[in-house]
Amino acid sequence: MPHRPTTPAPTPGTQAHHRARPAHWAATATAVAAVIAGAGLLQPEPAGGATPPGGTRNGPQAAAARATAPDARAATYPLDCKGVPRIVTDTAHGDLDGDGRPETVAAVRCDAGSGTPPHALYVLIQDPAPGSAPRVVATLLDTDRRRTATDLTVRNGSVTVRLLGYSSPDVPRSSPDLNQLAKWRWTAGKFRQELTDSSAGSV
């Protein structure tokens, strides 16, 4: 099934990370139980030729495009790090919308060198046109949520990640006291988030 065309995800709000202080990355709000995250996946533009009825393309090129997940380190991310480099800390791959082509989910943060810069989570697709770079088509987690993403996986069409954070600026940065297991699934043209586990206590 081809990707359903939708409006691209809005550019997420960003934070300056070039002068990290222990209290700078504190989280002050807990996540909601069910939210719509980001925008829908966008159908890649064909590399050439018409798409047959039913949305499938045949041949070795199409098979290779379906089999190869986007390279997270070749993408450009809508994350303003104020001159500090961006770093991809984790990736997971899988077919999220059931069209036979794998997407990549990337955990990205500013490489501040100190403190605990929060993560953003992005979904990438690979356009089949030769020389095209991977594209961000959805933002699952913004940096303004002030979470550190760990244990990122894609399984059975769902994105799962553990989110660590801090309930107040007084919590030591070495001991996050918010520990949430979040899951996103592509449903009815959107990524919908469920928090399957949420606890307050030292990790």
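A salt bridge is a side-chain nitrogen of Lys or Arg within 4 Å of a carboxyl oxygen of Asp or Glu. The model shown is predicted: local features need pLDDT of at least 70 and side-chain atom pairs count only at pLDDT 80 or more, whereas totals for chains, interfaces and linings use all residues. Residues are numbered from 1 along each chain as its sequence is written, and side-chain values use heavy atoms, with hydrogens and water left out.

**View A. Salt bridge of arginine 101 and aspartate 99.** The closest N and O atoms of this pair lie 2.9 Å apart. Both arginine 101 and aspartate 99 are buried (buried means under 20% relative accessible area, exposed over 50%, partly exposed in between; 1.4 Å probe, protein chains only). The structure holds three salt bridges.

**View B. Salt bridge of arginine 135 and aspartate 127.** The N to O distance is 2.8 Å. Arginine 135 is partly exposed because its relative accessible area is 26%, whereas aspartate 127, at 13%, is buried.

**View C. Salt bridge of lysine 82 and aspartate 80.** The closest N and O atoms are separated by 3.0 Å. Lysine 82 has a relative accessibility of 44% and therefore counts as partly exposed; aspartate 80, at 32%, is also partly exposed.

**View D. Disulfide of cysteine 81 and cysteine 110.** The sulfur atoms are 2.0 Å apart, and a disulfide is a pair of cysteine sulfur atoms within 2.5 Å. The torsion about the S-S bond is about -90°, so the disulfide is left-handed. The two cysteines are 29 residues apart and link distant parts of the chain. Cysteine 81 and cysteine 110 are both buried.

Conventions
Helices (H or I, at least four residues) and strands (E, at least two) are DSSP runs, numbered from the N terminus.
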